[in-house]
Amino acid sequence: MPFLWNVFRVVVFVLALLPFLWLLYGAAVGSLGADPADALALETGRWSLRFLLISLAITPLRELTGLNRLIRLRRMLGLFALFYASLHLLVYLMFLLEWRWSEILEDIAQRPYITVGFLAFLILVALGATSTKGMVRRLGKRWKRLHRLVYLAAGLALLHLLWILQQDLTDVVIYGSITALLMGYRLYRAAWLRRFLRQRFPARTGLH
Ligand code: HEM
């Protein structure tokens with residue numbers, strides 16, 4: 001079983017890398033359409049959001065299927081969200097801003113969709129940097145609290161998307177519904193767990 005599991009993890013890793021390879025190929029052969037820089041910005045942003053949501057889906061999936069090993073994929077998928085967000089930022093700096101460093105702060109301050117995108121990115125960096133086993137151990141209980149910020153990152157990314165796609169809200173509704181469903185599940189589970197602990201250990205939990 002451990003062998004099959006390792007093969008599965010490698011398959012997930014390769015699948016998660018495919019959009020990047022596809023974009024690299026598209027850029028090399030010139031098949032990204034009339035505005036390749038825009039296509040790269042949109043696709044890297046979309047894949048970052050998708051991986052963020054996929055990583056958020058791992059805990060519910062694990063709880064509903066009982067496949068506890070799935071939890072080990074959560075970090076990898078979360079890091080892929082950060083990877084695509086970093087590419088997204090790189091494309092923005094390289095092609096849209098053309099390395100005009102002086103304009104970055106101006107952009108962040110004056111364009112709200114850049115401000116929220118940047119905040120979401122900073123949260124992803126903080127979560128990525130504290131995702132190692134050592135940091136989990138070192139931060140103890142604070143680790144869980146810090147990593148709840150992943151929902152804030154998803155919310156900010158949705159706001160970013162809402163600002164960009166003001167004309168057509170289909171995607172915002174789709175991604176927003178998935179996020180709401182995942183958040184709703186976690187809130188429901190947290191309430192259920194509190195109720196369960198209160199009934200089982202009223203004196204010890206102090207939750208009565
Ligand atoms: C690092 C800071 C960020 C900057 C500077 C930034 C900037 C941009 C820009 C310039 C666009 C293209 C807008 C257009 O061509 O009309 C874009 C699109 C997008 N961004 Fe970001 N972004 C950032 C962070 C993020 C993050 C963290 C996510 C997701 C987790 C994200 C998700 C998206 C998505 C999904 C789109 C595509 C919208 C569409 O499909 O049209 N962005 N972003």
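Around the ligand sits a shell of 24 residues, and the closest of them are Gly45, Gly117, Ala120, Phe121 and Ala157. Keep in mind as you look that this is a predicted model.

Where does this shell come from? Helices H2, H3 (71-96), H5 (112-129) and H8 (149-164) each give at least two residues to the shell around the ligand. H2 provides the largest share of that shell, with eight residues. Sorted by class, the shell around the ligand holds 17 nonpolar residues, five polar ones and two charged ones.

**The overall fold**

Let us step back to the whole chain. The protein has 208 residues, and 21% of them count as buried. If you take the contacts between residues at least 6 apart in sequence, 60% of them join residues at least 24 apart.

**Helix H2**

H2 deserves a visit of its own. Its 30 residues (36-65) should span 44 Å at 1.5 Å a residue, and the end C-alpha atoms lie 41 Å apart, which agrees. Follow H2 along to Ile58 and you will find a kink of about 30°, shortly before the proline Pro60. After H2 comes Gly66, which has a positive phi, near 80°.

**The nonpolar core**

The largest nonpolar core has 33 residues, and the members that touch the most others are Phe51, Leu52, Ala81, Ala120, Leu124, Ala153 and Ala157. Helix H1 (2-29), H2, H3, H5 and H8 each supply at least two residues of this core. The largest share of the core, ten residues, comes from H3.

Leaving aside neighbours within four places in sequence, Ala157 is in contact with Leu49, Leu52 and Ala120.

The other is Ala81, found in helix H3. Is Ala81 buried or exposed? Ala81 counts as buried because it has 28 C-beta neighbours inside 10 Å, where 20 or more are needed. Not counting residues up to four places away in sequence, Ala81 touches Ser48, Phe51, Leu52, Ser55 and Leu124. Ala81 and Leu53 are 28 residues apart along the chain, yet their C-alpha atoms are separated by 8.7 Å.

**The loop between H3 and H4**

Finally, turn to the loop between H3 and helix H4 (102-110), where Glu98 is placed. Trp99 is found in this loop too. Most residues other than glycine have a negative phi. Here are the values for the two loop residues:

| Residue | Phi | C-beta neighbours inside 10 Å |
|---|---|---|
| Glu98 | positive, about 45° | 9 neighbours |
| Trp99 | positive, near 55° | 9 neighbours |

Glu98 is not a glycine, although its phi is positive. Trp99, likewise a residue other than glycine, also has a positive phi. Why does Glu98 count as exposed? It has 9 C-beta neighbours inside 10 Å, so it counts as exposed, the limit being 12 or fewer. Trp99 counts as exposed because it has 9 such neighbours inside 10 Å.

Terms used. Residues are numbered from 1 along each chain as its sequence is written. This is a predicted model: local features need pLDDT of at least 70, side-chain atom pairs count only at pLDDT 80 or more; totals for chains, interfaces and linings use all residues. Helices (H or I, at least four residues) and strands (E, at least two) are DSSP runs, numbered from the N terminus. The expected span of a helix is 1.5 Å times one less than its number of residues. The bend at a residue is the angle between axes fitted to the seven residues ending there and the seven starting there. A residue is near a molecule or strand if its C-beta atom, placed from the backbone, lies within 6 Å of it. Ala, Val, Leu, Ile, Met, Phe, Trp, Tyr, Cys and Pro count as nonpolar, Asp, Glu, Lys and Arg as charged, and the others, Gly among them, as polar. Two residues are in contact if their C-beta atoms, placed from the backbone, lie within 7 Å. A nonpolar core is a set of buried Ala, Val, Leu, Ile, Met, Phe, Trp, Tyr and Cys residues joined through C-beta atoms within 7 Å.
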